[in-house]
Amino acid sequence: MKKSTHCTVRFIADQLGLHFSTVSRVLSGNEEVARKAASKATVERIRSIAAEYGYTPNPHAITLRTQQSKLIGVSVPRLSDFIWATIYEAIEDTAMDKGYFAYVTNSYDKPELQRRQLALATARRVDGLILGDMHTTEESLAFLDTLKIPFVLALRQAGDHLSVTCDDREGGRQAAEFLFSQGHRDVAVLGGLDFTSTGKNRTEGFTDFYREAGCPIPADRVIHADFDTQGGRASAQRLLARHPTLTAMYAVNDFAAIGAMGAVREAGLTPGVSMALIGYNDTPLAAQLPIPLATLSNPVHQLGQQAMNLLFCLLAGEPCKSIVLKPAFVFRQSAAFSARSLL
């Protein structure tokens, strides 16, 4: 290939003695436009020269011509988190399949930082946004209503805005149903961040089941903390210090559950032997631990794909509706301890 730093549409047109607009239409990426612009033979000649000299489209020129940037902005709390990294990978792959480029920003769950980042995204004329870090506060809902760019929420919900989520309430109920069936009445919840729909819904699904079963969980047995090992460990330490008779814990995130495992051992207990423990998300690490972690599977790769496809639907002006995926309880050794003999 004869690479050229000056291989532009004008260069190719001069090489072939064609009008600039003819070459531009052929290289637009739209087959119907290309067919109307020139004969089959001419189209092949144009594309042959473009390949020979390493032509690549100028994204700024495309934006000016089509009023589309082919850019998708993605906002997540932390890309270092396995769940968000998996979701973004699926978004990026799905976007590229349609000729779009996705880029990601980390908001660290700070609304002010996210709003500055979204202002920059607007300045870059992104075609759409996928937001994975929305809070459930009234202020955040009001902010969403001001956005002038099509957007879809991923993993989290906010009001009636379009979203792709896992049925987190159902996941919480499944965890509660299993523990209740094993005789656990003295239970506690590591509820994650309470300003997120994931932390809120996964917790409420669990506590609602116990309340409906006639065994409501006292408020001081539900602790909200970060979705990480440090938060899980600290929360579990507090719970065990207050309630040494606990027989089971449910964490709304696998990493929080892994942190809780350390606190459980510090208290002289063994997950799966003298304490039942359940997490959420079914990260690959969950099955590889010395004591494999029982958890709720969350189809996060599919969630990322669906979020991008839903945004494409929105950009095309087609009827769209939110998508809810189904979780499933995955039994492993950490949940093997039964409290039925204690009833």
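I took contact to mean heavy atoms within 4.5 Å. The model I am reading is predicted.

**Entry: α9 and α10**

With that cut-off I listed who meets whom between these two helices. On the α9 side I noted D168, R169, G172, R173, A175, A176, E177, L179 and F180. Their partners in α10 are T198, K200, N201, R202, E204, G205, F206, D208, F209, Y210 and E212. Sorted by class, the residues of this contact come out as nine charged, seven nonpolar and four polar.

Next I looked up the geometry. Helix α9 spans residues 168-181 and helix α10 spans residues 197-212. Their axes come within 7 Å and cross at roughly 40°.

**Entry: α11 and α12**

On to another pair: how far apart are the axes of α11 and α12, and at what angle do the helices pack? I found 6 Å between the axes and an angle of about 40° for helix α11 (residues 229-242) and helix α12 (residues 254-266). That makes this pair oblique too, and the crossing of α11 and α12 is right-handed.

From α11, I have T229, G232, R233, A236, Q237 and L240 in the contact. From α12, I have F255, A256, I258, G259, A260, G262, A263, V264 and E266. My class tally for this contact reads eight nonpolar, five polar and two charged residues.

**Entry: a pocket**

Last, I turned to the second largest pocket, and its volume is about 400 Å³. Which residues lie nearest its centre? I noted P77, R78, D81, W84 and F227, out of 20 lining residues. By class, I get nine nonpolar, seven charged and four polar residues around the pocket.

Notes. Residues are numbered from 1 along each chain as its sequence is written. This is a predicted model: local features need pLDDT of at least 70, side-chain atom pairs count only at pLDDT 80 or more; totals for chains, interfaces and linings use all residues. Side-chain values use heavy atoms; hydrogens and water are left out. Axes are lines fitted to C-alpha atoms, for helices over the stretch in contact, and angles run from 0 to 180 degrees between N-to-C directions. Helices (H or I, at least four residues) and strands (E, at least two) are DSSP runs, numbered from the N terminus. Ala, Val, Leu, Ile, Met, Phe, Trp, Tyr, Cys and Pro count as nonpolar, Asp, Glu, Lys and Arg as charged, and the others, Gly among them, as polar. Angles under 35 degrees count as roughly parallel, over 145 as roughly antiparallel, 65 to 115 as roughly perpendicular and the rest as oblique. A crossing is left-handed if the near helix is turned anticlockwise from the far one by less than a right angle, and right-handed if clockwise. On a 1 Å grid over the protein atoms alone, a cavity is a set of points where a 1.4 Å probe fits but cannot get out, and a pocket is an open set with protein on both sides within 12 Å along at least five of seven lines; lining residues have an atom within 4 Å of a point. Grid points are joined across faces, edges and corners, and a volume is the space filled by probe spheres set on the points.
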